[in-house]
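Please read the points below alongside the model, which is predicted.

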Amino acid sequence: LVYESGDSDFIKILNTLIPLSVLVLSLLLVAKFFFDSTANILNPFVWFLLAISAYYGLGPLVYIYGTEDSIFYINAYYFVDSYGLFKTNLLNISGISMTIFSFLMFSILWSKLKVYSYVLVDDKFFKESRSKLWEKEAKIATYFFLIMGGSVKYFLQLPILFGSIDIVLPNSLIMFASLAPLSLIPLYWLFKSRAGIYRWMFFSVLFMELISVFSTLSKQQIIELFIIIIAAFSFRGLKARGLIKGGVLIVLAYVFILTPFVHFSRAYTAQTNSSLNFSNLSQLFEVIKEYNESGLTYEQPGFPELQNWWTRLAYSNAQKFSMDQFDLNKPGNTFSKIPYVVVPRIINQNKPNMHNGVEFTEAVIGYSYASGPGIFGEGYWNSGWLGLIFVSAFAGGMISILCIFSKWIIFKRSFLYLPVPFFGIFLGYRIDDWFVPTYMGEGIKILILFLMLKYIFRPILSRIIK
């Protein structure tokens, strides 16, 4: 009714109030979770709240408070006026509400079905830090993550990144590579309990991971590493105030250090390597030196006042394109790939690319780089409001069941199962990704990984490690 009324002044007020309310309320809920227990850093629902505060709270506000360069830059992708911004804000608040409703309904359902009902973690679980059982759990997880994950990451993935090896890793091996940084959590537990060799193992793995993530020039992987480090501290009783301070430092580092450094590095590698990756490790240190000499700043050519960190959080332009396309009877077809989720590529070589970022960007502006409207925009693009209901209900259900796994793993101190809540965290904050490969594809991977850990790896490791 507001949209149809044409009251532009009132719409401008709502375009400020809606995202501002999302930002404030979601951050207040996150703070409550952390003051209840810092273990909630492994709670996927907490990361969903953080994601909506960034993408659908702070992001749309760039149209209100951003610089002229920032607004011009995002409108160059797809123009969004006040009415279009209100429409995307309405889409987001509807998607958020339905996802939270689905989360609560599924949580009640799991409780009624006696599926380890979801409750907040109590800090009493952190008191007995020298439990022999927990130490054994930490050892089992440490050696498994380093042997299975470290061997793939340090001897295959990194050499491929630097061009030393010319092969393509299958997704199954890439998933194992992601286990390597998780070893920091049980290693830190052992380091604080027994010190000795675990101290050196912890700092060695930490050094390797810092080199690894900065070499990828991926802000997501860098932030994920810092999340793992904070989670390691949380398992040893980090207080809520310390955790929140750590979160604030990560945000400040992202805005003032990480974003300009990554863009500076990508511009450098694009000129020297004709790619966005370093060709060797020495280049990383060379870029750090040049970045320091540049005054720790990076200016986007042609946009001296561009707030790059902020425009990266704004999805209203991509969402507006998706909504316009559906309203013009040109719906998306990404849901048609759902049947392919359960079929491994090794069985069906003709399996389509499950991520649609490049095709989407080409449809918007004709360029070949990956972008997307997020799951809410994708849902509307495929089936209008019914599509939005579908993705919201599915995402809420997935997050609720993974919250149960997270609670159980923390309570039991089953470090070996840490990949499950961390994949849950991934689902919680990747609402900006494509729905089918992220929420359906990753959900199947999580289930397979859990079954492998429970019925194959854990029985073997329990007999070997005392």
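1. A polar contact here is a pair of N or O atoms within 3.5 Å, one able to donate a hydrogen and the other to accept it. At the start of H6, the backbone nitrogen of Tyr-83 has a side-chain oxygen of Asp-81 within 3.3 Å.

2. Helix H6 covers residues 82-112, 31 residues in total. From first C-alpha to last, H6 reaches 45 Å, close to the 45 Å expected at 1.5 Å a residue.

3. Helix H15 (residues 316-327) packs with helix H17 (residues 374-412) at an angle of about 10 degrees, the axes being 8 Å apart. Angles under 35 degrees count as roughly parallel, so H15 is roughly parallel to H17. On the H15 side, the contact is made by Gln-319, Ser-322, Met-323, Gln-325, Phe-326 and Asp-327. H17 contributes Phe-376, Gly-377, Tyr-380, Trp-381, Asn-382, Ser-383 and Gly-384. By type, the residues of this contact are five nonpolar, seven polar and one charged.

4. How many aromatic pairs are there? With ring centres required to lie within 6.5 Å, the count comes to 33 aromatic pairs. One of them joins Phe-33 and Phe-45, with ring centres 6.1 Å apart and planes at 65 degrees, so this pair is edge-to-face. Phe-33 lies in helix H2 (residues 8-36) and Phe-45 in helix H3 (residues 44-58), twelve residues apart.

How values were computed. Residues numbered from 1 in each chain as written. Predicted model: local features only at pLDDT ≥ 70, side-chain atom pairs only at ≥ 80, totals over all residues. Heavy atoms only, no water. Axes fitted to C-alpha atoms, helices over the stretch in contact; angles between N-to-C directions. Helix = DSSP H or I, 4+ residues; strand = E, 2+ residues; numbered from the N terminus. Parallel < 35°, antiparallel > 145°, perpendicular 65-115°, else oblique. Contact = heavy atoms within 4.5 Å. Nonpolar A, V, L, I, M, F, W, Y, C, P; charged D, E, K, R; others polar. Expected span 1.5 Å × (residues − 1). Phe/Tyr/Trp six-rings, centres within 6.5 Å; stacked < 30°, edge-to-face > 60°.
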